[in-house]
Amino acid sequence: MGLFDIFSLNKEKVDCSNFKNEADIYPENSISVVMTQSENGMPATGWVDMGYVEYKFKRCCPFNLQFTVEIPEDNDELDYGTVEDYLVEELKKGCVTHPVSRVATDFGFIMDVYVDDAEFASKKLTEMFEDENKIVEFGCGFNKDPNWKEYKRIIKNLG
């Protein structure tokens, strides 16, 4: 054992080349409901999936997508869950996709998702954004975040 090996004693080595074949590629969900305030001071709710706190494949899914979704006030047919499922299922067609949080805003919601394949995600999001028949208007920030710093920030704000 070398001098610096002590720092990696408890860290499990993860092979990202075959992680898609692992049985535990998606951890068991552990949803925590969050009460917060919107930008206008109105009560708002959200959720964070605490099942990702000890997720061992974080480095294999290093891209954070932060969706901002606008849902018109006069739309009684569209709910947050439907929109979330739409975005996640489209990305799952070519990416390992981890939705980790969602919070309501004055205009709709913000949702954070981690994926493994930036190229596929970028192409799919462009395709979805340009689709004249898309179910909702959305924007998406795209950041390389191999240490899941955004997720850690979200968790930290819970307590």
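Is Phe 57 buried or exposed, and at what relative accessibility? In this predicted model, Phe 57 counts as buried, at 3% relative accessibility. The legends below begin with the whole protein and then turn to close-up views.

**Figure 1. Overview of the protein, which has three helices and six strands.** From the N terminus on, the order of the elements is β-β-β-α-β-β-α-β-α. Along the principal axes, the C-alpha atoms fill a box of roughly 65 × 35 × 25 Å. The protein has 159 residues, of which 40% count as buried. Among contacts with a separation of 6 or more, 71% come from residues 24 or more positions apart. The accessible surface amounts to about 10,000 Å², and carbon and sulfur atoms account for 48% of that surface.

**Figure 2. The ring pair of Phe 19 and Phe 57.** A search of the whole structure finds 11 aromatic pairs. In the pair shown here, the ring centres of Phe 19 and Phe 57 are 5.7 Å apart and the planes stand at 40°, so the pair is classed as tilted. Phe 19 belongs to the segment before β1 (31–37), whereas Phe 57 belongs to the loop between β2 and β3 (63–70); the pair therefore ties together parts that are 38 residues apart in sequence. Phe 19 is buried, with a relative accessible area of 3%, and Phe 57 is likewise counted as buried, at 3%.

**Figure 3. The ring pair of Tyr 55 and Phe 57.** Phe 57 also pairs with Tyr 55: the ring centres lie 5.7 Å apart and the planes meet at 70°, so this pair is edge-to-face. Both Tyr 55 and Phe 57 are buried.

**Figure 4. The aromatic cluster that includes Phe 19, Tyr 55 and Phe 57.**

Figure 5. Two or more lining residues come from each of the strands β2 (43–49), β4 (97–104) and β5 (108–115), and from the helix α3 (149–156). By class, seven residues of the lining are nonpolar, four are polar and four are charged.

Terms used
Residues numbered from 1 in each chain as written. Predicted model: local features only at pLDDT ≥ 70, side-chain atom pairs only at ≥ 80, totals over all residues. Heavy atoms only, no water. Helix = DSSP H or I, 4+ residues; strand = E, 2+ residues; numbered from the N terminus. Nonpolar A, V, L, I, M, F, W, Y, C, P; charged D, E, K, R; others polar. Buried < 20%, exposed > 50% of the residue type's maximum accessible area, 1.4 Å probe, protein only. Contact = heavy atoms within 4.5 Å. Areas by Shrake-Rupley, 256 points an atom, 1.4 Å probe, with all protein chains shown as cover. Phe/Tyr/Trp six-rings, centres within 6.5 Å; stacked < 30°, edge-to-face > 60°.
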